[in-house]
Amino acid sequence: MSGDLYRLAMTVLHPGYEGTSAPDWLRRALGEGLGGVVLFARNAIDDRLIRDLRAENPDTVVSIDEEGGAVTRLEVMAGSSFPGNRALGVVDDVKLTERVGRQIGRMLADLDITLNYAPSADVNANPANPVIGVRSFGPTPELVARHTVAYIDGVQGAGVAACAKHFPGHGDTITDSHLALPTVHASREVLAERDLPPFRAAIEAGVRSIMSGHLLIPALDPSLPATLSRTAMTELLRGELGFDGMLVTDAIEMRAVAAMFGPGEIAVRALGAGVDAICVGLSTEESLHEIRDAIVAAVRNGTLPEERLARAAERVRALADWYAAQAALRQEVHDDVDEGVGLRAARAALTTQGSATLDRGPLVVEINTRFSKAVDPATPTGITAALTSLLPGTERVQMEQEGELPAFDERPVVLVAHDAARHAWVRDTVAKALALRPGAIVVDTGIAAAPEGATHVATHGISRVSAQAAAEWLLR
C-alpha cells in the first residue's frame, strides 16, 4: 500500500522545471508515475522534448499556457500569431473565436501537448484589474460565456483538452494573485449573475479541465482562498455546477497562497478541498519530493482521506485517457492549416479614431507598464518591429514611469501605451507628449483610453498579428 500511496501522490503533481531539456530527476519522476508536466518558454519547447517526456511516461498530462495574445509559451520571442481574448471579444464573432481556438489546438496537437491552460473565462468587470485585462473576452458575462464556449470547442475540436480559468472568476480584482491574495467583494448573488455564467457554460460545453483561482471570496469562504476552500471547489463547482473533470490549481508558488502555507500544506489542503492536480510552476527534485511526502503523510495521519487522493488521481488519468482517445481527431486536423486566421482577427479587432498616417520611419516611444507575471518577460508589444519591417528608419525609445520624454525632431512620433485606462501616469505622459507634438499617433495594446483629438489605434491585445494590423492601418 505504501508504494501505491506514493504513486497516487505523484499522479496528482504537475511541476514545471528550469532548463531547456528534461532534467534527470524529472525523467525519474515520470517513471515513478508523475502525472503531469507544465511547460514554459524557458524550456525550449519542441516535439523532441515532448517525445523525451513521453518516453518516460506515455500518459503524462503535458500542459502549457497558450492563450494567444500576451500569454504565449510557443511564440514568446516573436509574439503570438493570435490576437488574444479581448480582441476576439471586440470582434464578437464566435465562429472566428472557434477558428482561432482550433488553430491553437492544432499547433499544440502537432507537438503532442495534452492540455492547454486556456481560455481565461474571467469576466473583466473591474477595468483596474492588473492581471486579467485583455486576457478576458470582455466585461460582461454573456459575451465571455459565448466566446469561452467557442474557444473550448475550437481547442477540443483539435483533440487537445481545454481548461477554463480562474474559477470562480478573477475579473473583479485589483490585486495580482502572483504577488498577493486578491479579495473579491461580491455577494453570492453577484457571483452567480456575473462571474459564474462563463464557467457554467464551459461545463455544459464539456470542458475537460478547470483551473482554480487563488482568490479570497468572503461570500463563499471568509478565511481560505478558493483553491483551498471545500465550499468553492466541491460544494460550488462540483455540486452546484456539476463539474466532474480534472480540477487543477493555479501555480502554488504564487504569493496569494504561498504567503499562507508551505507547498506541502497547500497541496494537501487543495486536494482536501476537491482539487485533482497540483500545478507547481517551478520545481526541483527536492521540492517535488517534499510535496509528495506531505501528501502521503496526510493520508497516513488521516488529514487527507485516501479515497479523495485516489479520486483525484483517477481524474488525472481520465484526462490522459480522453487525450489518447482523440488521436484520430488530431491527425484529422493536422492538415487544417489556417495561418491567416490570427491576422484576420487582429485586423477586425482594431478600433481607431483620427486619420493620421505614416509615410516614413517614426520615432516610437513605448510608454509601457510592467506586464503581469502571467506574461513572459520576453514578450514584445511588437509595434516597433512591425513598423520597422514596413518603414526602414523606425527608431524605438523605451520610457519608464519616472522617465522623461525624448527630444522630438522632424520625424513622425508614435506613442505606444499599454492599459492607459488603468494607469494615470500613462495617460499623463501621453497628454504631455501630445502637447509637445500634437500630431503624434497613439497606439494602445491593452485596455485603452483614447485621448481627445489624437489619432488613436487600439489593438486590444499584445501579439505579433495585432502589431502588424496596427502598422498596416497606419500605412494605409
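Reader: Where is Asp112 found?
Author: Asp112 is in the loop between helix 5 (94-111) and strand 4 (115-116). Helices (H or I, at least four residues) and strands (E, at least two) are DSSP runs, numbered from the N terminus. The model is predicted, so local features need pLDDT of at least 70 and side-chain atom pairs count only at pLDDT 80 or more, while totals for chains, interfaces and linings use all residues. Residues are numbered from 1 along each chain as its sequence is written, and side-chain values use heavy atoms, with hydrogens and water left out.

Reader: What is the phi of Asp112?
Author: Asp112 has a positive phi of about 70 degrees, although this residue is not a glycine. Asp112 is partly exposed, with a relative accessible area of 29%. Buried means under 20% relative accessible area, exposed means over 50%, and partly exposed is in between (1.4 Å probe, protein chains only).

Reader: And His460, is that buried or exposed?
Author: His460 is buried, at a relative accessible area of 13%. Its phi is near 60 degrees, a positive value in a residue other than glycine. His460 sits in the loop between strand 14 (456-458) and helix 18.

Reader: New topic. Which peptide bonds are cis?
Author: One of them runs from Lys165 to His166, with omega near 0 degrees, and His166 lies in strand 5. Another runs from Phe167 to Pro168, with omega near 5 degrees. Pro168 belongs to the loop between strand 5 and helix 7 (188-195).

Reader: In what order do the six strands of the open sheet come?
Author: The order is 2-3-4-5-6-7, and the pairing is parallel. Two strands pair if DSSP finds at least two bridges between them.

Reader: Which are the edge strands?
Author: Strand 2 (36-39) and strand 7 (246-248), each of which pairs on one side only. Strand 7 pairs with strand 6 (residues 209-212) in the parallel sense over three bridges. There, Ser209 stands opposite Met246 in strand 7.

Reader: Which helix packs on the sheet?
Author: Helix 9 (residues 230-240) does, touching strand 5 (161-167), strand 6 and strand 7. Contact means heavy atoms within 4.5 Å. The direction of helix 9 makes about 125 degrees with that of strand 5. Axes are lines fitted to C-alpha atoms, for helices over the stretch in contact, and angles run from 0 to 180 degrees between N-to-C directions.

Reader: What about Gly35, where does that lie?
Author: Gly35 lies in the loop between helix 2 (24-31) and strand 2. Gly35 is buried, with a relative accessible area of 6%.
Author: In helix 16 (residues 383-390), Ile383, Thr384, Ala386 and Leu387 are buried. They cover an arc of only 165 degrees around the axis, so they are on the same side of helix 16. The arc is that of the directions from the helix axis to the C-beta atoms. Ala385 and Ser389 are exposed on the other side of helix 16.
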